[in-house]
Amino acid sequence: MNTTELAALLHFYGESGVAELCEDAAIDRFQQSAEILKARARPQSQPNAATSQPAQRPAPNQPAPDASPARKPAAQPIAPAPQASQLTIPGEAAFQDARALAAGAGSIAELRSILESYTGCNLRHSAKTLVFADGNPEADVMFIGEAPGREEDLQGTPFVGRAGQLLDRMLAAIGLSRETAYITNIIPWRPPGNRTPAAHEIELCRPFVERHIALAQPKFVVMLGNIASKSLLATDKGILSLRGTWMECKIGDTATPAMPTLHPAYLLRNPAQKRLVWADFLSLQERLEQLSTP
């Protein structure tokens with residue numbers, strides 16, 4: 001393998017979320033532990049090479065050697081190396097800091113600036129860019145997804161991959177576009193390898209998206225997928241039981257009509273479910289038309 005091929009392979013591993021490399025040969029940790037325990041259990045009186053020879057009489061005028069053989073220090077168990085992929089769970093102070101920073105944003109531009117300098121969420125250190133929002137912040141409807149993927153991370157714009165292209169077609173079907181809708185995510189940074197965001201990552205980012213909704217003041221909120229729906233509606237119900245039902249997204253003293261529906265990425269894997277989302281979007285279209293009716 002030449003240098004170019006090796007660099008391309010390492011780049012592929014990095015994009016796939018690989019956090020560490022393994023050795024070519026597997027290490028049997030069970031065997032290591034057994035050997036350590038066996039060494040600890042060995043009787044101290046057991047003869048060894050140092051004590052099996054007969055004692056020699058010291059020469060005249062020579063100090064007698066120390067009769068007690070030198071003891072080797074007991075073997076210590078091998079501590080496992082810390083895994084780079086392990087998540088550090090923040091303390092309550094971190095969540096309080098996130099809420100305070102979000103509450104201090106007086107505009108959408110200021111909220112974006114705060115997120116660009118925010119270091120409290122571990123995801124920002126592995127992501128390439130902040131994926132904040134796209135579309136018209138003054139639109140009547142705000143769509144909120146889960147987290148950016150690879151294409152979104154590269155471009156810094158939400159929903160630009162295959163799922164985003166499907167969302168564009170879904171918007172066009174009810175007369176909307178990125179100029180007449182506002183689009184964002186619960187998580188503004190791509191999780192490594194597109195993994196599901198951890199609970200503490202969602203909780204750290206939730207104050208910012210709630211402040212985002214409060215500043216944009218949409219007439220309606222549409223939550224795309226499980227994570228956005230459960231986080232903003234404070235429920236444990238799955239998306240298939242929630243979808244299509246108009247509910248309320250409560251932020252402070254404001255309650256905004258909100259509807260959960262299936263995420264476009266889910267529809268790419270389960271195209272038969274598109275009919276359900278079509279019914280949900282027709283319900284949204286009806287609500288939007290009622291706004292324009294005198």
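**Note on the helix 7 region**

1. In the protein chain, 71% of the contacts with a separation of 6 or more are between residues 24 or more positions apart. The model is a predicted one.

2. The protein chain holds 12 helices and six strands. Of its 294 residues, 36% count as buried. The accessible surface of the protein chain is about 18,100 Å², and carbon and sulfur atoms account for 53% of that area.

3. Helix 7 (residues 162-173) and helix 12 (residues 274-292) have axes that come within 10 Å and cross at roughly 45°. The crossing of helix 7 past helix 12 is right-handed.

4. On the helix 7 side, the contact is made by Leu166, Leu167, Met170, Leu171 and Ala173. Helix 12 contributes Lys274, Val277, Trp278 and Phe281. By class, the residues of this contact between helix 7 and helix 12 are eight nonpolar, one charged and no polar.

5. Leu176 sits in the loop between helix 7 and strand 3 (182-185). Its relative accessible area is 13%, so Leu176 is buried; the cut-off for buried is under 20%.

6. Leaving aside residues up to four places away in sequence, Leu176 touches Val141, Phe143, Leu171 and Leu288. Leu171 also belongs to the helix 7 side of the contact with helix 12.

Key:
Residues are numbered from 1 along each chain as its sequence is written. This is a predicted model: local features need pLDDT of at least 70, side-chain atom pairs count only at pLDDT 80 or more; totals for chains, interfaces and linings use all residues. Side-chain values use heavy atoms; hydrogens and water are left out. Axes are lines fitted to C-alpha atoms, for helices over the stretch in contact, and angles run from 0 to 180 degrees between N-to-C directions. Helices (H or I, at least four residues) and strands (E, at least two) are DSSP runs, numbered from the N terminus. A crossing is left-handed if the near helix is turned anticlockwise from the far one by less than a right angle, and right-handed if clockwise. Contact means heavy atoms within 4.5 Å. Ala, Val, Leu, Ile, Met, Phe, Trp, Tyr, Cys and Pro count as nonpolar, Asp, Glu, Lys and Arg as charged, and the others, Gly among them, as polar. Buried means under 20% relative accessible area, exposed over 50%, partly exposed in between (1.4 Å probe, protein chains only). Accessible areas come from the Shrake-Rupley method with a 1.4 Å probe; for residues, only the protein chains shown count as cover.
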